[in-house]
Amino acid sequence: MEEREAKKEKMEGKKTSHPLLRGGKILCSSSHGFSPAQIQTLASICEVLIPPLPLPEGKKPMDYPLQYFYKASGSHPPIPDETAEMLVKRSLPPAVSLVSLVLKILSFRLGTLLLCGRLCLSREWPLIHKFSELSVESREEILMQWSRGRFLILLRVVFVLIKTFCLFTFFSRTDENSENPTWKAIGYHVDNREKKTYPQGRPLGKGIIETIHEKDSSFVQSLTQKGLQVIDDPEHNIYKIKCDVVVIGTGCGGGVAAGVLASSGQKVVVLEKGNYFVPEDYSSLEGPSMSELYEGGGIMSTVDGNVILLAGSTVGGGSAVNWSASIRTPEDVLREWSVDHRIPFFGDHEYHSAMDAVCKRLGVTDKCSEEGFQNQILRKGCENLGLKVEQAPRNSSENHFCGSCNLGCRTGDKKGTDSTWLVDAVACGAVILTGTKAESFIFVDNDNGRRKKKCLGVIATALNKNLTKKLQIEAKVTISACGSLLTPPLMISSGLQNPNIGRNLHHQPFLLAWGYFPEDASGIKGKIFEGGIVTSLHKVVSGDSKTVALIEAAALGPATYAALSPWISGGDLKERMLKLPRTAHLFAFVKDQGTGKVMEEGKIEYRLSEIDEENLRTGLRQTLRILIAAGAEEVGTYRSDGQRIKCRGLTKESLEEFLDDVSSTGGMQSKNETWNVCLAGHHMGSCRMGATEEEGAVDENGESWEAEGLFVSDGSVLPTAIGVNPMITIQSTSYCISSRIAKKFKRETAP
């Protein structure tokens, strides 16, 4: 009876989720382009990554979920085809071509000999076996050679790509009941807390046009009903839309700009390439949620693959999926920007008032009535070591106990721009177009102005193919707020040439550490996917009292955990996954000195400096100490060799020897035998403010040095990295920029 009721609740939860966020989709036909021989080879690799194994001794033979888990194989359909689909969809074309070539070579005997050497040889006919004919043990040894290889780096790249997409697919795919058959065995369940509903209609419903539901025949009417002036121009195959301000992006920068300017009386149009979801839409399913809510489906990397990048891509942008930390800009950063970079308002009352306004609108509090498992671990470890641990301010109530906010906050308690600033904007007549991608700015020569060009708006395209005409949004002010990874490519492709555009790209790089805490052994209850994601933090301070790293708790679902974790063997993977609910994850991130560039969409270059690597290493070592002090049975890093150590009976000498071996250098293309998985979020600086056009892409008002009327109002304008979660900084900077634009409008219309 209880089981039937539970299944009924799951089905009802599935029905209330948005169709784009539901699981259970069946792959009817493949579009990956791989041949049957290549898929056969890919399946044989997937089988090694997730092999069928006998139930280990000591495990309960009548535990059917556990039996299924051990018997499950990555080679079972449709895992190989779905792995191929995701690989083709999420990887850069050169990476796809490389994987395709290797799979093709391995489908032949001589090709297997070329890439695998003696392990494919036999004394019996046929003397040479192709890869799929080899034993699982031989294939496992080959994959380990590829992972450790120092010279054939491209084979390591192939291994990492297939491993990442195979494991993510295996642990994220769900059936029609939104269940994965392995989850019960590993002790995982999807967040099923009651969702917030909106009986009176969705918060942005009054002003939003979701182009995914539109056709040419209905679109003009939808626009005019929202109070927009629209001209259908069939000769040029465009819709001309007139407004005062067009804002591109709905994240921390765009959301604030839209709210401030609409509230000042301007007619605002906001473009967002992602879709609009509200709490009752969220499924908390890792696979479809990552695909819909994150840039690149949450599996995006730098061109060399050494850093994995996380960025939001939905209405609300990063504020819809971030981990709630709401930290004010550090005073030393503000001094650096106002003095060294000569941008005065960062040191004035104007900016501090903006931070006050932002924190008030987001309801920021540092109170927390109950901490989750991982934050309790962080706090206990710090206290046992005599280290200071601080409450992390959050844009949610003190009772917020959501462990799945990274997949959309189903309780509606977290206050992203989609439930704050954009609500303000819509209430004042703003119109939001979702599923709409900006293509280029509209420039004309500005003969009588201070800048060479004048921006008259933006050309955009609806991603829904039922809308066949482009959009020409004509505005007095155009604001690019698509984030540090997308604003520069848009500006460059539109013809702007300031050398700072796309350069000076900063992230907040971080390295993960884990600690396993058996049930009841530590005295701390709970599981890693329960409780607020970031409620505590620890600052790692150097001898001269400078913060070199911050340590916080991480949010990892089973698919992300499996995809990122070092793969040592199929057996090790399955044992590791069984410990997932009680494996706490903390990470250390730094204020980077190294920079990167993004000149073309999706092609991001980035390199850590030596100081960054040393600070990350210091932070990672401190993270491991904290986990050990909290009572972990075993701790480890994400280094490719599965670096770990048992903690029971650990001597001081053994601990120091282990920590001395902890490194932060080298991604998958490093020439070392072992390499690290480095991640980065919080992208900044790629269109930085500067006192002159030689020093920045925009001035202190956020206006392009090259084009009058074009402003940037997102994280890309920040002069440097800041070393803390940047949501408050980005929103406060956008508040200052948009408030100045509003004052300019007021001056121009004054009698």
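A: Let's start with Gln472, which touches Ile238, Tyr239, Lys240, Ile241, Ile442, Val458 and Ile459, leaving aside residues up to four places away in sequence; contact here means heavy atoms within 4.5 Å. Before going on: this is a predicted model, where local features need pLDDT of at least 70, side-chain atom pairs count only at pLDDT 80 or more, and totals for chains, interfaces and linings use all residues. Residues are numbered from 1 along each chain as its sequence is written, and side-chain values use heavy atoms, with hydrogens and water left out.

Gln472 belongs to strand 11 (residues 470-480); strands are DSSP runs of E, at least two residues, and helices are runs of H or I, at least four, both numbered from the N terminus. Gln472 counts as buried because its relative accessibility is 17%, the cut-offs being under 20% relative accessible area for buried, over 50% for exposed and partly exposed in between (1.4 Å probe, protein chains only). Its side chain also makes a polar contact of 2.7 Å with the side chain of Glu474; that term covers a pair of N or O atoms within 3.5 Å, where within protein one must be able to donate a hydrogen and the other to accept it, and residues adjacent in sequence count only if both atoms are side-chain atoms.

Now for a helix. Helix 12 (residues 286-293) is mostly covered, with seven of its eight residues buried. Among them are Met290 and Leu293. The buried residues of helix 12 pack against helix 8 (153-172), helix 13 (318-321) and helix 19 (558-564).
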